[in-house]
Amino acid sequence: MVSKEAKTVERAAGPTATDLPEAYLDLLKKCLLRFHDGAAFPYTTESGGESDQRLAYLAGKGIMPHVQADTMVSRDRLDNIQQATATVIREGVPGDFIETGVWRGGSCILMRAALTAYGDKTRKVWVADSFDGFPPPTDKYPSDPWKGQSQDIIGTMGVSLKVTFDEVKDRFDRYGLLDERVEFLTGFFANTLPNAPIEKLAILRLDGDLYQSTYEALEALYPKLSVGGYCIIDDYFYTMCSKAVDDYRREHGIDEPIEAVDWTCVQWRKTK
């Protein structure tokens with residue numbers, strides 16, 4: 001029998017081999033968020049002004065936890081990505097991982113790290129973005145309110161939502177995760193997704209904000225999602241995004257229950 005003292009020494013020595021994948025991914029998530037999960041927000045000042053309170057509230061919601069963060073998503077949403085990747089790898093659900101609309105690439109970086117952490121040697125992570133802002137407005141999608149606006153939309157924290165290919169690629173490289181298993185699809189979704197050389201997907205994560213970006217991604221990629229795979233919608237809170245999701249689900253008879261991840265993100269698992 002191992003003594004109480006021996007167990008204490010073992011715990012103090014650090015994580016066991018079984019714990020290492022979780023410890024690695026937990027540290028990576030903290031780095032992606034720049035160690036700000038909303039609990040300690042760097043822009044909240046002692047003035048207590050309305051703008052400061054609003055920024056602290058948004059940080060708590062997981063909107064831009066830090067201006068230098070590699071992701072705008074909340075810790076809950078990063079945990080969701082980790083849980084989904086772990087589940088499909090453990091259960092052998094076939095297919096690659098993809099995110100459509102990546103900003104600085106944080107969610108895809110976590111997906112690629114999960115492949116290493118959980119010992120998967122075959123899947124790829126597809127990084128799909130125009131790297132040039134939102135698509136031009138079109139009368140085909142009247143739900144999108146961007147007519148006459150710049151494609152280089154400025155986000156909540158005053159940072160551009162348009163991030164270049166080189167910037168995203170550099171972030172992968174800094175984490176040591178840029179290799180042949182990371183595939184970039186560069187261009188507007190209508191041009192890149194329908195003919196993307198993807199056979200099957202186990203995780204389909206959409207973060208395109210707009211009706212057009214959301215619907216086009218579902219139309220091109222949902223048929224490739226394996227049974228048991230996850231469809232994760234980051235921006236379901238936005239009316240234009242949720243309308244696209246609801247329209248596509250209704251048109252294709254998709255009735256799997258939608259589950260909330262946090263205040264704006266939802267998911268469901270494909271069952272048929």
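Q: In what order do the strands of the open sheet lie, and with what pairing?
A: Strands of a sheet pair through backbone hydrogen bonds, either parallel or antiparallel. In this predicted model, residues are numbered from 1 along each chain as its sequence is written, local features need pLDDT of at least 70, side-chain atom pairs count only at pLDDT 80 or more, and totals for chains, interfaces and linings use all residues. Side-chain values use heavy atoms, leaving out hydrogens and water. The open sheet has 7 strands in the order 3-2-1-4-5-7-6, with mixed pairing. Strands are DSSP runs of E with at least two residues, and helices are runs of H or I with at least four, both numbered from the N terminus; two strands pair if DSSP finds at least two bridges between them.

Q: Which are the edge strands?
A: They are strand 3 (182-186) and strand 6 (259-260), each of which pairs on one side only.

Q: How many bridges join strand 4 to strand 5?
A: Strand 4 (residues 201-206) and strand 5 (residues 225-233) run parallel and are joined by 5 bridges. Within this pair, I203 stands opposite Y230 of strand 5.

Q: Which strands does helix 4 touch?
A: Helix 4 (residues 75-91) packs on the sheet and touches strand 1 (96-100), strand 4, strand 5 and strand 7 (266-269). Contact means heavy atoms within 4.5 Å. The direction of helix 4 makes about 175° with that of strand 5; axes are lines fitted to C-alpha atoms, for helices over the stretch in contact, and angles between N-to-C directions run from 0 to 180 degrees.

Q: Is helix 5 mostly covered or uncovered?
A: Burial is judged by relative accessible area: buried is under 20%, exposed over 50%, and partly exposed in between (1.4 Å probe, protein chains only). Helix 5 is mostly covered, with 11 of its 12 residues buried, among them C108, R112 and A117. G119, which follows helix 5, has a positive phi near 75°.

Q: What is the nearest side chain of opposite charge to R249?
A: Lys and Arg count as positive, Asp and Glu as negative, while His and the chain ends are not counted. R249 belongs to helix 9 (residues 239-251). R249 is buried, and the nearest opposite charge is E256, 4.9 Å away. R249 has no salt bridge, a term that requires a side-chain nitrogen of Lys or Arg within 4 Å of a carboxyl oxygen of Asp or Glu.
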